[in-house]
Amino acid sequence: MLYEIIRESKLAEPKVSAIVPVYNVINYIDETIESLLNQTLKDIEIILVDDGSSDGSFEKIVDYGDRFDNICVAKEPNAGPGMARNNGLSIAKGKYISFVDSDDILPERALEIMYEAAEKEQVGVVTGISVSFNSNRSWFIGGHYNKGVFKSGRKTLIQNPEMLYTLGPCNKLYLREVVQDIRFPDSIKVAEDHPFVIEAYLKAKSIYTVDEIIYNYRAREDEGDISLSQIVTSNPYVSFKDIIASIKLSDALLKEYVTNPVALQKIRVDYHDRIIATDIWPAYKGILLNGDAETQIKMFDAFRTLVDSMDFHLFNNLGVFQRLLTFETINRYTFIKEKARPSYLRALRLAYEKLDPGSLNKLLSSDYPKEVRAGEKAAKRNSVKPIYNRLVARKLKSTISTGFEKVVVKNWKKLVGVSRNFYARRIAFPFYKLGKKERKIIFLTNKHDVLADSFKAVYDEIILQKPDYKVVGYLKQPQRTILELLKMYKDIATAEYIFLDDYYRQIYGLTLRKDSEVIQLWHAAGAFKKFGFSSIGYADSNTESFERDAHKNYSKVVVSSSEIVPFYAEAFDVDEKNVLPLGVPRTDRFFNEEYKAYIKSVFEGKYPALKNKKVITYAPTFRGGPGERQQFVMNLNIRRLAEKLGDEYVLVLKMHPSVVRGVGIPFDLQEFAFNMSNEDINDVLINTDILITDYSSVVFDFSIMEKPVLFYAYDLEGYLGERNFYYNYEEFVPGPIVRTNEELIGTIQANDFDLEKVRVFKERFFDDLDGNSAKRIVKELIK
């Protein structure tokens, strides 16, 4: 794009070039320029690029150029702020670049603060705290504040994806070497800054955030005089179209710069989630509520194209997009023009085709499960009638159903003393069992509300290896309606394959069809504490009849090694030939070097105190029965560990999922100890240098990485009476056993660990150390 320099800056080597695109801002430009002239940092070059103003703004900036030697004035035909910034970059001579919008104001020390931070930290981008203001007040920007964007310190985009919530170019200082070859796209005017800032983040590698207010965004109050950032509400389709184009450009940049495939997958999810939630969502609502038919058709067709462009994993990690396409639109369905409804149905069908069972379960756990089911039926039948039915039913406060379910729904409440579970299990299930077996795979768990751990790994392999199977998941949910229970038991009764990862009470006592394969992917690796039939007679055990009801349907059990086949055969009372040492799918990630590198980087960004320290993780198991185990008594003296080990180590606490209370970290020790009980256990282990455990099977997973492990067994005798073990504990564990805090500290200080013992332990309890357990299970078991 051609531009003309009207006045040149006389600064030979400015520290900072501040680039200001100017377009019809006669009411604001004085304040903006004065805020730059009043900066405490000297040697600032101010580049004012007029974008075809017609209100006197151009004449105003020429006057400033005549009066101040450090001001450069350029002019271009109207092409938008992106092109004006590009032309400013071509002119800039400063070591650093700053962008300032022509109605905003910089605090007087803003450039000095950022310049000093850039020089000291030697980073490519510096940013800080921004506020919005109008004539009455100022306020923190909600998206920045809520996402932790203001948190000071050194960052990278991969380690700190919250930086995606500050994609405006103006509250930052850029090293010119980083951005001199980057340009704003000239084809769009809304969200045109996103690709530029994302590429700057990625090229800079390191970003530094200062704990100071360095930018004031003006919120214009005159409805006839709005800024580009306010176009999203005034002209939603223009905004929507440009945002979609910006997504394509930014996504291509992520693919170009992020070489670790695991990191790429995650940052793409973070980016799309942010753009859909904060940019597309407002534009979408504007079009839906106020748009004409042709505009709505264009929007829904664009949605379908966007969904189609997303790989399976990306789409299933975008909960906000799934909600938008399903119940958020169904709740506003009457606003869709008649002509646009087929376009919405096409987008909806593709969305449901891509939904995995975990994503569907999340939607069903929302406040609108019936709307989600109506959308599912509409997609399956290629008809909007189920959506109409749901809206009518909601209006009339009645339920519409058909066939066998209609009879049950109509009559089940009338029968006294018998629960809906009884109907589903005792009446519906035997009826459904008479039906034909279907080419269907079901995942059943009460542990997670999404596909996780081994289920996730196996599911991903099924999609790759067996795409012709229908896959259904019944995951953790607070409560199911009678219709949902009926659907679940119908699927269980007719499935070809059923996967479990633990006890699953919903099938206790049922006799499943003999030609269905019921495969237990037990959640723990190895064989440590006795469980199932093996634990009968100990304090923390179930009755024999309970275990019989729980496990009687298993046709296959998957374990990690041949050595433990007899133990699992005994625990579940199955023939040893049906216990298969195919591996534990959730441990496959320990063999993925790219995944481990990514997780280490993420934890370093999330927990900066871990950097340059060794990590000790304390991961004990629970004690007692269901009532007792929720409250864990901490016998580890955190303060004593901090005193003796704090110079070299940090401590991570990772409690068993059953423990919900009793773990606290004193305020003055929060730079030494971190409660990561909500983090994925395998991700914690990847970041662990020394593991402290007791009787937990986590030792099997950790042994794969051949790192030191220490056993804090202060209550061994009591625990033996409670559960007992398959092996002699003191001979079996691959690390020192300690009973007191002082012994524990002394062992760590002396580095008294035998890693050869850990290696032998690993090879004993894992037949295949290749990271292909999920692939093997699907290949061997789903014929």
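Modeller: What follows is a walk through the salt bridges, pair by pair. Keep in mind that this is a predicted model. The structure holds 49 salt bridges. Side chains of opposite charge can pair when their charged atoms come close.

Start with lysine 95 and glutamate 119. Their side chains meet in a salt bridge, at 2.9 Å from N to O. Lysine 95 sits in the loop between helix H3 (81–91) and strand S5 (96–99), and glutamate 119 sits in helix H4 (residues 110–121), so the pair ties together parts that are 24 residues apart in sequence. Lysine 95 is partly exposed, because its relative accessibility is 41%. Glutamate 119 is partly exposed too, at 28%.

Next, glutamate 376 and arginine 373. The closest N and O atoms of this salt bridge are 2.7 Å apart. Both residues belong to helix H16 (residues 369–381); they are three residues apart, so about one helical turn separates them. Glutamate 376 counts as buried, with 16% relative accessibility. Arginine 373 is also buried, at 16%. The cut-off for buried is under 20%.

Then glutamate 643 and arginine 640. In this salt bridge the closest N and O atoms lie 3.3 Å apart. Helix H26 (residues 638–645) holds both, three residues apart, about one turn of the helix. Glutamate 643 is exposed, because its relative accessible area is 54% and exposed means over 50%. Arginine 640, at 25%, is partly exposed.

Definitions and conventions: Residues numbered from 1 in each chain as written. Predicted model: local features only at pLDDT ≥ 70, side-chain atom pairs only at ≥ 80, totals over all residues. Heavy atoms only, no water. Salt bridge = Lys/Arg side-chain N within 4 Å of Asp/Glu carboxyl O. Helix = DSSP H or I, 4+ residues; strand = E, 2+ residues; numbered from the N terminus. Buried < 20%, exposed > 50% of the residue type's maximum accessible area, 1.4 Å probe, protein only.
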